[in-house]
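Okay, thanks for coming, everyone.

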Amino acid sequence: MSRLSVETDGSNPLFTPLVYVGGVIFGFGLALSGMTRPEVVLNFLQFEDLGLLFVMGGAAVVTGVTFYVASRFDSSAPLTGRAYGRRIRELDRNVVLGGAVFGAGWGIAGICPGAAYASLGTGNFPILWALAGMFAGAYVQGYWRSTRTNDEAAPATAD
Amino acid sequence: MLEGLEALFPNGVVPYALGGLLVGLGTAVIYLGTGIIAGASTFLESTLSYVSSVPRFERFAYSRDWRVTFTLGIVSGGALYAVLSGGFLTGEFVTDVQWWRLLFGGTLVGVGTRVGKGCTSGHGVCGVGSRSTTSLVGVATFIAVAIGTAQFVQALGVTP
């Protein structure tokens, strides 16, 4: 992802409304798909209903086609001037280690971050337990990593 | 064969696939307008930068405002679905999964998504859509471990 124009992100008056509308569509889709309901996720992980395969699959097909087509054209995004890129991260042991910890948490709680936000919107207030845990977990790893590598100039990434 | 499929997909596939297409569409709308590939879990760290001076969170401070907007949109989208389906504040969507599972599991999700560079949306939707090897490894890892964990918890007799 280009970071050339991060300083000017948000300067276009349509930037914030567009991000909000995209979030509404995203959250509506998560709620419609059942990802917002821990029972549905656990049923998937326990092989009782494999429908969730079509959620990630359907979403990845749409993003795959969109990213592919947009990045073929030598143009930039109208609201920010950013180049159209793809989401590429370095593969290291953190991907496997973090993925395993995330998987254990997803298997215990039945909820992932985006689905937790949408779940709160549906009125599932007990999900605040999970959100509190997510913030606590993100804080603990950030604090721990900052004390271990605070002299290392870490590149900014976003996903 | 058909009976086997019905056992694996007792609720069909239509709402799942439609929901997935909309998740992809929301990501695509933001991408086409702004060039930003928006995942959900960075919000956890970028939002902490408002209240914490831990250097790790400062890395995400530049994007924290639009990530709040994105998350408020996701919350609104969930509410819109609940209202249109008639289940808003009726208790229909309130989970029976026990609070300690949500809290403990959520904590591991918070650690793991951030150490592992992405979550179900960052790796699963955006990374896979980018044909990123890193994301395919991440997705394979978290789904395999999640399946093993959920079935282990179930085998211990914890319900729900």
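So, let's start with a pair of helices: H1 of chain A crosses H2 of chain B in a left-handed way. Keep in mind that this is a predicted model. How do the two run relative to each other? Their axes come within 7 Å and cross at roughly 165 degrees. An angle over 145 counts as roughly antiparallel, so that's what we call H1(A) and H2(B). As for what sits in the contact between H1(A) and H2(B), there are 17 nonpolar residues, 10 polar ones and no charged ones.

Now zoom in on one residue, A:Ser33, which sits in H1, the helix covering residues 15-33 of chain A. Is A:Ser33 buried or exposed? Buried, because 29 other C-beta atoms lie within 10 Å. Who does A:Ser33 touch, if we skip neighbours within four places in sequence? In its own chain there's A:Val55, and across in chain B there are B:Pro15, B:Tyr16, B:Gly19 and B:Gly20. A:Val55 is 22 residues away along the chain, yet the C-alpha atoms of A:Ser33 and A:Val55 are separated by 6.5 Å.

Okay, let's zoom back out to both chains. The contact takes 117 residues from chain A and 114 from chain B. On chain B's side, several helices give two or more residues, including H2, H5 (64-84) and H8 (133-155).

Notes: Residues are numbered from 1 along each chain as its sequence is written. Chains are lettered from A and ligands numbered from 1 in the order in which they are written. This is a predicted model: local features need pLDDT of at least 70, side-chain atom pairs count only at pLDDT 80 or more; totals for chains, interfaces and linings use all residues. Helices (H or I, at least four residues) and strands (E, at least two) are DSSP runs, numbered from the N terminus. A residue is buried if 20 or more other C-beta atoms lie within 10 Å of its own, exposed if 12 or fewer, and partly exposed in between; C-beta atoms are placed from the backbone. Two residues are in contact if their C-beta atoms, placed from the backbone, lie within 7 Å. Axes are lines fitted to C-alpha atoms, for helices over the stretch in contact, and angles run from 0 to 180 degrees between N-to-C directions. Angles under 35 degrees count as roughly parallel, over 145 as roughly antiparallel, 65 to 115 as roughly perpendicular and the rest as oblique. A crossing is left-handed if the near helix is turned anticlockwise from the far one by less than a right angle, and right-handed if clockwise. Ala, Val, Leu, Ile, Met, Phe, Trp, Tyr, Cys and Pro count as nonpolar, Asp, Glu, Lys and Arg as charged, and the others, Gly among them, as polar.
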